[in-house]
Structure formats: C-alpha cells, structure tokens
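The following exercises are meant to be worked through with the sequence and the structure at hand. Each task is followed by a solution in steps.

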Amino acid sequence: MKKNLIVLIVIIVIIGGAFLWVKNTYNSLVTADEQVSASWSQVENVYQRRADLIPNLVATVKGYAEHESSTLESVIEARSKATGITVDPSKLSEENIIAFQNAQGELSQALGRLMVLTENYPDLKANTNFMELQAQLEGTENRIATERMKFNETARAYNTMVRKFPGNIIASMFNFETKGYFAAREGAETAPEVKF
C-alpha cells in the first residue's frame, strides 16, 4: 500500500511538472508572438505616418512645379500601392514582408525622385511649409529604420523560442511558426556609382 502511494505521488509530480512546463512554454510563446505583433504594428504605424505626410508634401510641391505632374502622379500612385498592402501579424512570412517592403521601396524611390525634382525650384526649397514637411519626412524615415530594427530583434527572439529544443515541441504542437525579417533590398550591398 505504501509503495503504491509513493508510485502515485511520483506519477502526479511528473504529470504536474510536465503540465507546468507545457503551460509555461506555451505562455512564453504567446507572449513572444504578441510582442512580434505589437512590434509589427509599430512598423506599420511609422509607415502610415510617412504616407500621411505625402499628400501635404505633394500639394506644396504642386504649387511650385505644376508641369512636373508625372513625378507627382508617380508619388501618389506609389503611396496608394504602399498603403494598399497590409500584412496580417499572424502571417508575417518572409514573402509577405518582402511584398510589403517592395511596395514601401517603390514609395521611397518616388519620394527620392520628388526630392531631386525640388532642387530645380529654389523658391520651393525656401518655403517654410516644405522645409517643415521635409524635416518631418526625414525624421519619419529614421523612425522607420529604428522600428524595422526593433521588429527584427523581436522576431529573432520569438523565432529562437520557436526553434529551440525542447520548446520547439510545444511550438509545433500549437502551430507557432517562425516570423520573417526585414532585409536589405537586393543590391543594397553595392555602393552606387557617383559621377560628377
């Protein structure tokens, strides 16, 4: 009888320990997944801030450079594409992030062309409203870089939890999948050629 009681207590302790381990691992994965989602939301937030600045910037430039309508239209079109692509935080795969990043990259290129265009208009460059919008846009670009870096760090911590043994067992049981990262655009490792 005493031997059966000891065996029963050992079995209960093992089952209880296993339950606590599964519960703690699962809860840690949920917490990390939520952190990735929150970090992604902040990335989208700063991209939205940039998109919100663009109509005012285009309107300001339009007043000075009306005959540059193709450049202005390309910025507006790129903004429309960039804001049209959203990624569900639960589906942050490499492919989805690349599609999002490509749309945002097109907008960045269009904005770059717009900024080059403004060099031809000294009155525009001296416009207080334009200078303020340009400063806000520059600050937003810095925020984007910072939030992308934070997202990658959060995704890395989560992915490590999902892939490390023995947590990967719980992750696979409950369908926790790795998240994608922001990566440098293709060809970013090559310095642009500058000619004077």
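**Exercise 1.** Locate Phe-176 in this predicted model, and determine whether Phe-176 is buried or exposed.

*Solution.* Begin with the chain: Phe-176 belongs to the segment that follows helix H6 (167-173). Next, consider the accessibility. Buried means under 20% relative accessible area. Phe-176 has 13% relative accessibility and therefore counts as buried. Finally, list the contacts, setting aside neighbours within four places in sequence: Phe-176 touches Tyr-26, Leu-29, Val-30, Asp-33, Tyr-158, Val-162 and Ala-171.

**Exercise 2.** Describe the backbone at Asn-175 and at the bond from Phe-165 to Pro-166.

*Solution.* Asn-175 is also in the segment after H6. Its phi is positive, about 60°, although Asn-175 is not a glycine. Exposed means over 50% relative accessible area; Asn-175, at 64%, is therefore exposed. The peptide bond from Phe-165 to Pro-166 is cis, and its omega is near 5°.

**Exercise 3.** Which residues make the nonpolar surface patch, and which helices each supply at least two of its residues?

*Solution.* The patch, about 630 Å², is formed by Trp-21, Tyr-26, Phe-165, Ile-169, Met-173 and Phe-174. Helix H1 (2-64) and H6 each contribute at least two residues. Phe-174, a patch member, is placed in the segment after H6. With 39% relative accessibility, Phe-174 counts as partly exposed.

Definitions and conventions: Residues numbered from 1 in each chain as written. Predicted model: local features only at pLDDT ≥ 70, side-chain atom pairs only at ≥ 80, totals over all residues. Heavy atoms only, no water. Helix = DSSP H or I, 4+ residues; strand = E, 2+ residues; numbered from the N terminus. Buried < 20%, exposed > 50% of the residue type's maximum accessible area, 1.4 Å probe, protein only. Contact = heavy atoms within 4.5 Å. Patch = residues over 30% accessible without salt bridge, like charges linked within 9 Å, V, L, I, M, F, W, Y side chains within 5 Å. Areas by Shrake-Rupley, 256 points an atom, 1.4 Å probe, with all protein chains shown as cover. Salt bridge = Lys/Arg side-chain N within 4 Å of Asp/Glu carboxyl O.
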